[in-house]
Amino acid sequence: MPLDDATHRYTLPGATGDWEIVVGLEVHAQVQSNAKLFSGASTEFGASPNTHVSLVDAAMPGMLPVINRHCVEQAVKTGLGLNARINRFSRFDRKNYFYPDLPQGYQISQFQFPIVGEGEIVCERDDGSRFTVGIERLHLEQDAGKSIHDLDPDATYVDLNRSGVALMEIVSRPHVRSPIEAAAYVRTLRTILRYLDTCGGDMEKGQMRADVNVSVCRPGQYEKFRETGDFSHLGTRCEIKNVNSLRFIMQAIEYEARRQIDIIEEGGKIEQQTRLFDANTGVTRAMRSKEEAHDYRYFPDPDLLPLELEESFVETIRVNLPELPEAKRKRFVEVLGLSEYDASVLVADKDRADYFEAVIAKGADGKLSANWVNNELFGRLNKEGLGITDSPASPEQIAGLVGLITSNVISGKIAKEVFEIVWTEGGDPEQIVESRGMKQVTDTGAIEKVVDELIAANPDQAEKVKVKPQTLGWFVGQVMKATGGKANPQAVNEILKKKLGV
Amino acid sequence: MSDMFSMSLLEARDALAKGDASSAELTAAHVKAAEDAQGALNCFTVIDPDHALSMAKASDARRAKGEAGVLEGVPLVIKDLFAVKGVETTASSNILKGFKPEYESSVTQNLWNEGAVMVAKSSMDEFAMGSSNETAATGPVVNPWRAKGSTEKLVPGGSSGGSVAALSAGIGYGATGTDTGGSIRQPAAFTGLVGVKPTYGRCSRWGVVAFASSLDHPGAFGKTVRDSALLTQTMSGHDPKDSTSYPGAVPDMLGACDKPVKGLRIGVPREYRMDGMPGEIDTLWSKGVDWLKAQGCEIVDISLPMTKYALPAYYIIAPAEASSNLARYDGMRYGLRVDGEDLIDTYEKTRAAGFGTEVQRRILIGTYVLSAGYYDAYYVKALKVRRRIYEDFQAAFEKVDAILTPTTPSAAFGIGSKSKADPIEMYLNDIFTVTANIAGIPAISVPAGLDGQGLPLGLQVITPALDEETMFSVAAAIEDAAGFTAKPERWW
C-alpha cells in the first residue's frame, strides 16, 4: 500500500512550478460518556444554558476534580483501536489562560505525558484506495464552556454546559497529502470511534472538530522529510482552528494552501500562525502569530494524582474490543464472499454494518443480503432522506425477503414488489407472499403447459430461436407475462431450452 | 463546672455530657465573648449569633434524643478558608466579599456530623498567604499575648491568626486551621496553643479555598495536645471528592496521647541550629531533649542536609500553584467584579481591587516561575529539591521515630515590625515548619515555655507519613513535662 501512490499525488500548479501540501490534524473528539471528565454533571446535548454545571465545572472556591474512570477506559479503548501504545503512566497538567468560558482559569489537559502514544490507522479514499496515517498521540482534556457573542450587541453570554466535558485530542503525523485525504482521515477516524462507541462523531453537535495544520512544499521534499524525520524539508505551517465539517476541512486546506503558495511566489515568507476558517466566505483569517501565542504555563495539576493503569485494566479493555472496520471489511470479503466495494460501503458506517450483520445473523445469504442492503434498502433510504436507524424495514424483514429469494420462493423481481409492501405497509415477507399469491411458480408442469401453448401459438418465433438462440428471451418474457411474473425464471429457461431444442 | 472559658475541649465535652451546661448556654457565652473581643483582637470575619445558636439548639436536641456525637455541642472557631454553607466565606480577601457557598467543606462537615457547633469564622492572612495575619482584607489580627510590661500589639502569627487569637483568648474550645508552610504551627507557637498539621491527605481539601494544592493541609488547634488530637481525628478521613485524600483508616490519635514514649528514638537535626537564632530558642530545644530523655527516649543526632533549600523551593512551588489556583477569581461568576472598558480591563481592575499586595506578589512570582524559559530553572528544580527533602526525611526516619525541633526562630513580633520590611524576613518565619509541608509528613507544635519577655514558644515534633500516633505520644510527653499553663493576661 504505497503511502504516496503516484495516482493520488495532489499537486497545485503555481507560477514558479508545482507545489504539494502537507497536512496534520488534531481532532478533538468528545468522549462518549454520560458524565464530564472531572465532575458528575451531565453531558447531554441541547439542554438549557447552564443547567448541566456542577460546582467543579463552575470553579467554585475549594472545588476539586475527580477523574471519571469511564472516560479513562474510553481513551484506552480508543488508543487500542488506533493500534497505538497505551501509556501505563500519564499525568494531567494545567494549561493556564484567562477566558470567561474557562471558569478555572486553566484547562486540565495532558501535556507532557499523554495516556496514548504512537499508533496508525488505515484510511480509505473515495475510490476505495487506502493510505496509512500515523498517530502521534491521544490525550484527555476538558472542554471549555461556550461564549455567545450574538445575543446582545454589548454583552457576551457564557454557557457552561460544555465546561468540563471530556475530549480526546487525537494528533496525527503530517501524513495527509490532500484535502480529500484529510476528509478521508477524519471520516475513517470517526468510523473507528463510532465502532468503539467512544465518540458519537456527530460534527454538527460539536462531538468532533479539527485543528488543521497546513504547509506547502516542492515535490520531493515530503519524501525527504519521511526519510529523515527532519521537518526543515517542509514548509512553515499554519494551524487552522476548530473546523467543524469535512467539507470545511477540505475548503480550508485548499484555500490555505493557495494562500501560502501565493505568498511564497510573490517573494514573501510564511509566518507561523493560528488562523480561523470563515465558513461563510471560505477564507482563513489570521488569529494570532507565533509571537502572540499564549504562554500556557503548563504544570502538573496538583489536585490530581498521576494516572497509573494496571496491565490487567488495559488487557480487559483489549480483549473486549469490538471488531473494527478494517477487520470487518476483510471478514466480509474473505468469509462472506462480498465484493470489496460492497464490503467497504457496509463497513463505512457502523449502523449500516450493524444492520447488515443483523440480516445475516438470521441466516440470510451474505452476498445477496449485501446486494439488497446496499442497493434496494440504502437506495430507498437515501431517496426518502432517512438514516439506517430510521429504516421502516427491519433486518428481520430483509433477511426474510432474501431467504425467499434464495429458496426460490420468489424471484428478484417479485422481491422488489414484496419490499415495496414491507416498506409501506410492513409485515412478514413470507406471509405477504403467501397471502397475496406472489409465490413463484416452480411447478414445472404448470410452466410446461404455458410454454407448450406459447410455442404452439408462435411457430415462427420458435423457429427463429433454433437459428438465433439469443431470441429465447422473447419466450421468457412471454412466459413471465402469462404467469404474472411468478414463474421461476430458471425453470422457465430450462423448460424453454428443452422444448425448443437449444 | 470550672470557668467556662478556661476549660479544655475535653472538659467542656464532659460538662455537656453531664448536663452541667447546655450547648446553647456555652455557645451563647462564647458568641458574646467573641463579640466583646472583636473590637480589640479583630480576629473574626463573621460572628453570626443566630447561626451559632441554632446549631447549638439542634445539638442540645440531639443530645436529648440520645444521639450525641463525639464533639456534641462543643463550640469551635472555623478559619475563613473553609467553606461553610450559607455563611460568608472570603479567605479574608476582598475578591470573595459577600460570597456565601452553597456547599460545606468536607472537614467542617465531619465536625458537624459529630455535633460540633460553630461560634464564628476567623480571620486569616489573605488566601492563607502570610505569617502574621497582617494581610487580611479586614486588617491585622491582634495577639492576646503581650510582652511583659508592654502594650505593644503583637501579631498572632499566620496565616491562621484569627483562630489562635480567638482560642488563646478563651473563645471556642478548639479551632480549625490550614497549614501550607507553617500556618498552623507558627501561630500556635506564638499564642501558647497546640497546632496540628496531619499527614497530607489525612484531612480532605474539598471545600477549602485553595492556596497551594500540593502543600495545603487542613488541621486543628487545641488548648491541649489531647484536645487537638480529638479534633484532628474527627476532621480526618477518606474523602472520594478529593483525589489526594488518603484512603486508609484514621488512627486513634486521642488514645495515642496516653502511650508512653519510653524507647522511642528522637532525632535532633543539626541543620535546624541556625546562625543568629535567639539563645532562648536553643535553650528551649535543649530542654525538650532533656524532657524526652528523662522519659526514656533515646536521642539521636541526625542530618537533614537539604533543609536550607526548603524555603527557596517552597517559595517557588507555592506561588506557582497559587498563581493557577487563584485564576478563577476573575469577576465573572461570583465575588468582586469591577467593570472595565473591555474584558481584559475588567480582569485587571477586578483583580487589582480584589487582591492585596502579598497575594499579588505571589501570583506574579508564580506566573514568572512557570513561564516559558524559566520553568526548568525554577519550577522543575524546585520539584527536584522537594524530592530530595522527602528523601532526607525518609533516611532520617530509618534511624529515628520522631524529630524534635523548635517551631519558630522567634516569639511573636510587633504588628508592622516585619510587614513593612523585606518580604524575605517574613518568609523566614516558616524556616522550621516548611519542610514538613514539602514532605507532606505530620508535624505538631506544642507550647513548651515562655521567653524572657513572657511570650510563648513552641517545640515541633515531626513523624513519618501517616504516623500521627507517635507524633501525639511525643507531643503529650512534652506537654506533661513542660507543664505549660500560662495564659495571656486579659486586656481586651
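**Before you start**

You are looking at a predicted model, in which local features need pLDDT of at least 70, side-chain atom pairs count only at pLDDT 80 or more, and totals for chains, interfaces and linings use all residues. Residues are numbered from 1 along each chain as its sequence is written, while chains are lettered from A and ligands numbered from 1 in the order in which they are written.

**Stop 1: the domains of chain A**

Colour chain A by its domain assignment: domain 1 covers 14–291 + 304–317, domain 2 covers 331–435 and domain 3 covers 444–500. Such bounds come from an automatic or database domain assignment. The centres of domain 1 and domain 2 of chain A, taken over C-alpha atoms, are 37 Å apart. Now look at where they touch: five residues of domain 1 of chain A are in contact with five residues of domain 2 of chain A. Contact here means that the C-beta atoms of two residues, placed from the backbone, lie within 7 Å.

Which helix gives the most to the domain 1 side of this contact? Select helix H2 (residues 179–196) of chain A, which gives three residues. Helices (H or I, at least four residues) and strands (E, at least two) are DSSP runs, numbered from the N terminus. By class, the domain 1 side has one nonpolar, two polar and two charged residues. In this scheme Ala, Val, Leu, Ile, Met, Phe, Trp, Tyr, Cys and Pro are nonpolar, Asp, Glu, Lys and Arg are charged, and the others, Gly among them, are polar.

**Stop 2**

The axes are lines fitted to C-alpha atoms, for helices over the stretch in contact, and angles run from 0 to 180 degrees between N-to-C directions.

To see the contact, show side chains including A:Ile180, A:Ala183 and A:Val186 of H2(A), and A:Ile249, A:Met250 and A:Ile253 of H4(A). The residues of this contact divide into nine nonpolar, no polar and two charged.

**Stop 3: a loop in chain A**

Next, select A:Asn50, in the loop between strand E2 (17–30) and helix H1 (69–81) of chain A. Its phi is near 60°, a positive value in a residue other than glycine. Most residues other than glycine have a negative phi, and most peptide bonds are trans. A:Asn50 counts as partly exposed because it has 15 C-beta neighbours inside 10 Å. A residue is buried if 20 or more other C-beta atoms, placed from the backbone, lie within 10 Å of its own, exposed if 12 or fewer, and partly exposed in between.

**Stop 4**

Move to chain B and select H2(B) and helix H3 (residues 49–64), which pack at an angle of about 160°, with their axes 8 Å apart. That makes H2(B) roughly antiparallel to H3(B). Among the residues that meet are B:Ala24 and B:Val31 in H2(B), and B:Leu53 and B:Ala56 in H3(B).

Between helix H2 (23–41) and strand E1 (44–46) of chain B is a loop that holds B:Asn42. B:Asn42 has a positive phi of about 55° although it is not a glycine. Is B:Asn42 buried or exposed? B:Asn42 is buried, with 20 other C-beta atoms within 10 Å.

**Stop 4: a cis bond and an enclosed helix**

Zoom in on the peptide bond from B:Gly158 to B:Ser159, which is cis, with omega near 10°. B:Ser159 sits in the loop between strand E3 (117–122) and helix H5 (161–168) of chain B. Eight of the eight residues of H5(B) are buried, so this helix is largely enclosed by the rest of the structure. After H5(B) comes B:Gly170, with a positive phi near 90°.

**Stop 5: where the chains meet**

Finally, show both chains: their contact takes 33 residues from chain B and 24 residues from chain A. On the chain B side, helix H10 (307–325) and helix H11 (343–354) each supply at least two residues. H10(B) gives the largest share, three residues. The chain B side divides into 17 nonpolar, nine polar and seven charged residues.

Technical notes
Parallel < 35°, antiparallel > 145°, perpendicular 65-115°, else oblique.
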